[in-house]
Amino acid sequence: MIDRHPPSPRVRWRGDLPVAEIAQLAGVSQPTVSKVLNGRAGVGDSTRRRVESLLREHGYRRSAGAPATAGVEVLFSGMLAYIALEVVRGIEDVAAARDLTVSVTDITRRAAAGQSWIEPLLLRRPVGVVAAFAGLTAEHLELLDAGDIPVVTLDPTGDVHPVPSVGSNNWSGALAATRHLLGLGHRRIGVITGPVKDLAARARLDGFRAGLDAAEVPFDEGLRRSGVFTFEDGRDLGLQLLRRPDRPTAVICGDDLQAIGVYEAARICGLRIPDQLSVVGFDDIEHCAWAGPPLTTVRQPFAEMGAAAARLVMALAAGECPAQTRVELGAALVVRGSTAPPAAR
């Protein structure tokens, strides 16, 4: 159980300049200012005096009686509403059992309004943070660490920063999808991936290639396209594949939005799904069951991922050293009506 009322209560600081400007005036980093604000070690005496002087000069005062937020903060940026809701549902199930609240910050909305998200979060001082977005920088992590706020990333897109994380097995999910199409008799299989620097996208491509290798089916680089996880990219890249004279008989997509985009590309090209083209997505968002025909896809357990992230961040907040700082859950193929044996030509 996490202690909601620690012996030294966390307090808010108020001033007329943001922490970033205080850091600039002092000639130090934002995490250094945060350490001074929170009374943490690791700051030299002369630096601490210089920062404290600036803080006093700009009206930084403790607001007595403002305890830490008894909750978990979830950070999103551009995530589909259905996926975000599933993630939050999993986090809430775990948090509620510990009498904690869950707060959500939409990074995209705050950025569009020209607002910072890190400073308000540091002032709220939540028990921990689950970050489900790609823009977490080394500086953000230093600020959170300086404020004693543990962070866990959800399905991180890069491996630049060694942060505890939770995701699904993208490799095995893509392998299962590839084996499904190969089992139906497909040999010319196109693939549309996500951004090449995205860890999940790379793992899905590797799983696809492993499936081909195991079946001794050559990988045709001409049937590969890379884009972003959007309907528009699925449509446009799908058109490139389907307009080839040696078009694929099946396409595996990096996510469901791309797959639905391929549906539109097939319509434009006059191809029937699954009679003339099989399509597989990834994620299993709610729209998959509504598509015509319903989309075969790889299901990611988003609620379970949220719950695992919540348990991990709470363990870190309690001062525990978890045996695993990378939790990977299984991904399962869901076969629906968008896949069938290839038509004879």
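A crossing of two helices is called left-handed if the near helix is turned anticlockwise from the far one by less than a right angle, and right-handed if clockwise. In this predicted model, local features need pLDDT of at least 70 and side-chain atom pairs count only at pLDDT 80 or more, whereas totals for chains, interfaces and linings use all residues. Residues are numbered from 1 along each chain as its sequence is written, and side-chain values use heavy atoms, with hydrogens and water left out.

By the handedness criterion, the crossing of α10 and α11 is right-handed. Helix α10 spans residues 231–242 and helix α11 residues 256–269, and the two pack at an angle of about 45 degrees with their axes 7 Å apart; axes are lines fitted to C-alpha atoms, for helices over the stretch in contact, and angles run from 0 to 180 degrees between N-to-C directions. That angle makes α10 oblique to α11, given that angles under 35 degrees count as roughly parallel, over 145 as roughly antiparallel, 65 to 115 as roughly perpendicular and the rest as oblique. Helices (H or I, at least four residues) and strands (E, at least two) are DSSP runs, numbered from the N terminus. On the α10 side the contact (heavy atoms within 4.5 Å) involves F231, G234, R235, G238, L239 and L242, while the residues contributed by α11 include L257, I260, V262 and I268.

The structure holds 2 aromatic pairs, where rings of Phe, Tyr and Trp (its six-membered ring) pair if their centres lie within 6.5 Å, and planes under 30 degrees apart count as stacked, over 60 as edge-to-face and the rest as tilted. W117 and F133 form an edge-to-face pair, at 5.7 Å centre to centre and with 90 degrees between the planes. This pair links distant parts of the chain, 16 residues apart, with W117 in the loop between α5 (107–112) and α6 (118–124) and F133 in the loop between β5 (128–132) and α7 (138–146). W117 is buried, with a relative accessible area of 9%, and F133 likewise counts as buried at 14% (buried means under 20% relative accessible area, exposed over 50%, partly exposed in between, with a 1.4 Å probe and protein chains only).

F208 and F219 also form an edge-to-face pair, at 6.1 Å centre to centre and with 75 degrees between the planes. F208 lies in helix α9 (residues 199–214) and F219 in the loop between α9 and β9 (224–226), so the pair ties together parts that are 11 residues apart in sequence. F208 counts as buried at 1% relative accessibility.
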